[in-house]
Amino acid sequence: MDDFTRPWWDAAAEGRLLIRRCAACRRAHHYPREFCPHCWSEEVHWERASGRATLYTWSVVHRNDLPPFGARTPYAAAVVDLAEGPRMMTEIVECAEEDLRIGMELEVAFREEGGGVVVPVFRPVPEADRPARPPGA
């Protein structure tokens with residue numbers, strides 16, 4: 001945490017996910033940077049993300065000796081595509097390993113790590129909250 005990323009961490013502690021958006025090219029990006037990685041503009045600002053994503057890829061970690069991860073094994077380390085466009089590294093929670101699927105719909109959740117640090121993780125969108133699919137889709 002530093003002065004630049006503090007808004008991101010503060011928002012996470014409040015249950016909000018932030019991304020950065022460029023005012024010049026209008027593209028969103030993550031991880032937070034002080035410039036746009038697409039057009040190099042410094043006209044970037046914080047924006048609240050929808051909290052929706054799809055699973056791009058994952059790996060189930062069965063051994064990790066670093067605290068606090070060792071107590072969580074196995075866990076699904078993942079890359080998700082945020083609805084706004086950027087990819088984000090995260091963890092998938094509340095989902096059995098055998099139920100993970102590329103493209104599955106996810107929503108953000110937040111987990112306190114101790115010391116006031118809160119991190120975004122993702123979980124499957126409940127079936128009842130998924131948009132209806134057109135017949136034959």
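This is a predicted model: local features need pLDDT of at least 70, side-chain atom pairs count only at pLDDT 80 or more; totals for chains, interfaces and linings use all residues.

Colleague: Where does His30 lie?

Modeller: In a loop, the one between β2 (28–29) and β3 (44–48).

Colleague: And which residues is His30 in contact with, leaving aside neighbours within four places in sequence?

Modeller: Trp8, Leu18, Pro86, Arg87 and Met88.

Colleague: Trp8, ok. Is Trp8 buried or exposed?

Modeller: Buried, because its relative accessible area is 9%. Trp9 comes out at 22%, so that one is partly exposed.

Colleague: Switching to rings: how many aromatic pairs are there?

Modeller: The count is four. One of them is Trp8 with Trp9: the ring centres are 4.8 Å apart and the planes are at 85°, so it's edge-to-face.

Colleague: What about charges over rings?

Modeller: Arg33 has its charged end over the ring of Tyr31, 4.0 Å from the centre. Arg20 lies over the face of Trp46, with 4.6 Å to the ring centre.

Colleague: Last topic, the largest nonpolar core. How many residues does it have?

Modeller: It has 20 residues, and those with the most contacts inside it include Leu17, Leu55, Val80 and Phe122.

Colleague: Which elements give two or more residues to this core?

Modeller: α1 (6–13), β1 (18–22), β4 (52–61), β5 (75–82), β6 (87–92) and β7 (105–114). The largest share is from β5, with four residues.

Definitions and conventions:
Residues are numbered from 1 along each chain as its sequence is written. Side-chain values use heavy atoms; hydrogens and water are left out. Contact means heavy atoms within 4.5 Å. Rings of Phe, Tyr and Trp (its six-membered ring) pair if their centres lie within 6.5 Å; planes under 30 degrees apart count as stacked, over 60 as edge-to-face and the rest as tilted. Buried means under 20% relative accessible area, exposed over 50%, partly exposed in between (1.4 Å probe, protein chains only). A charge sits over a ring if NZ of Lys or CZ of Arg is within 6 Å of the ring centre and within 35 degrees of the ring normal. A nonpolar core is a set of buried Ala, Val, Leu, Ile, Met, Phe, Trp, Tyr and Cys residues joined through side-chain atoms within 4.5 Å.
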